[in-house]
Amino acid sequence: MEETLLGKEERVRGFKQLIQLALGNREHLYMWDHLSLSHQLAAAGFKNIRHCAFNDSPDSMFKLVEEEIRFNNAVALEATK
């Protein structure tokens, strides 16, 4: 992630940054894509990593809380450990 310059490891804190945060956070700490997040999950010992889509979970409880709009332009993965 550091090599791609897509994010920061930590936020700078101070009066100016607190004002910017209150008015709208424009910075990401990290931005993930499916490939980079899958790699990090595997490195952390997760298995069976798969891309998820809206309402594709075999667990019916997810249907009670999932919202389709949250899957638009999102990285959605499932993994087991």
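Modeller: Terms first: helices (H or I, at least four residues) and strands (E, at least two) are DSSP runs, numbered from the N terminus. The model is predicted, so local features need pLDDT of at least 70 and side-chain atom pairs pLDDT 80 or more, while totals for chains, interfaces and linings use all residues. Residues are numbered from 1 along each chain as its sequence is written, and side-chain values use heavy atoms, without hydrogens and water.

Colleague: In what order do the elements of the chain run from the N terminus on?

Modeller: The chain has two helices and two strands. Read from the N terminus, the order is α-α-β-β.

Colleague: What share of the 81 residues in the chain is buried?

Modeller: Buried means under 20% relative accessible area, exposed over 50%, and partly exposed in between (1.4 Å probe, protein chains only). Accessible areas come from the Shrake-Rupley method with a 1.4 Å probe, and for residues only the protein chains shown count as cover. Of the 81 residues in the chain, the buried share is 6%.

Colleague: Where is Phe-62 placed?

Modeller: Phe-62 has 38% relative accessibility, so it counts as partly exposed. Its place is the loop between β1 (47–51) and β2 (77–80).

Colleague: Which residues make the nonpolar surface patch?

Modeller: Patch members have over 30% relative accessible area and no salt bridge; like charges are joined within 9 Å, nonpolar side chains (Val, Leu, Ile, Met, Phe, Trp, Tyr) within 5 Å. The patch covers about 440 Å².

Colleague: What is the angle between the planes of Phe-54 and Phe-71?

Modeller: Rings of Phe, Tyr and Trp (its six-membered ring) pair if their centres lie within 6.5 Å; planes under 30 degrees apart count as stacked, over 60 as edge-to-face and the rest as tilted. By that rule there is one aromatic pair. Phe-54 and Phe-71 form it edge-to-face, 6.0 Å centre to centre, with the planes at 65 degrees.

Colleague: How many residues apart in sequence are the parts that the pair of Phe-54 and Phe-71 ties together?

Modeller: Phe-54 is partly exposed, because its relative accessibility is 30%. Phe-71 is partly exposed too, at 23%. Both lie in the loop between β1 and β2, so their pair ties together parts whose separation in sequence is 17 residues.

Colleague: How many salt bridges does a search of the whole structure find?

Modeller: The criterion is a side-chain nitrogen of Lys or Arg within 4 Å of a carboxyl oxygen of Asp or Glu. Arg-50 meets Asp-56 at 2.9 Å, N to O. Arg-50 also meets Glu-78, at 2.8 Å, N to O. For the whole structure the number of salt bridges is two.

Colleague: Which residues do the salt bridges that share partners join into one network?

Modeller: Glu-78 lies in strand β2 and Arg-50 in strand β1, so their bridge ties together parts 28 residues apart in sequence. Glu-78 is partly exposed because its relative accessible area is 29%. Bridges that share partners make one network of Arg-50, Asp-56 and Glu-78.

Colleague: Which side chain of opposite charge is nearest to Glu-66?

Modeller: Lys and Arg count as positive, Asp and Glu as negative; His and the chain ends are not counted. Glu-66 sits in the loop between β1 and β2. Glu-66 is buried yet has no salt bridge. At 6.4 Å, the nearest side chain of opposite charge is Lys-63.

Colleague: How far does the backbone nitrogen of Asn-55 lie from a polar atom of the side chain of Glu-66?

Modeller: A polar contact is a pair of N or O atoms within 3.5 Å; within protein, one must be able to donate a hydrogen and the other to accept it, and residues adjacent in sequence count only if both atoms are side-chain atoms. For the backbone nitrogen of Asn-55 and the Glu-66 side chain, the distance is 2.8 Å.

Colleague: Is Ser-57 buried or exposed?

Modeller: Ser-57 lies in the loop between β1 and β2. A polar atom of its side chain lies 3.1 Å from the backbone nitrogen of Asp-59. With a relative accessible area of 11%, Ser-57 is buried.

Colleague: What is the positive phi of Asn-73?

Modeller: Most residues other than glycine have a negative phi. Asn-73 lies in the loop between β1 and β2 and is exposed, at 86% relative accessibility. Although Asn-73 is not a glycine, its phi is positive, about 55 degrees.
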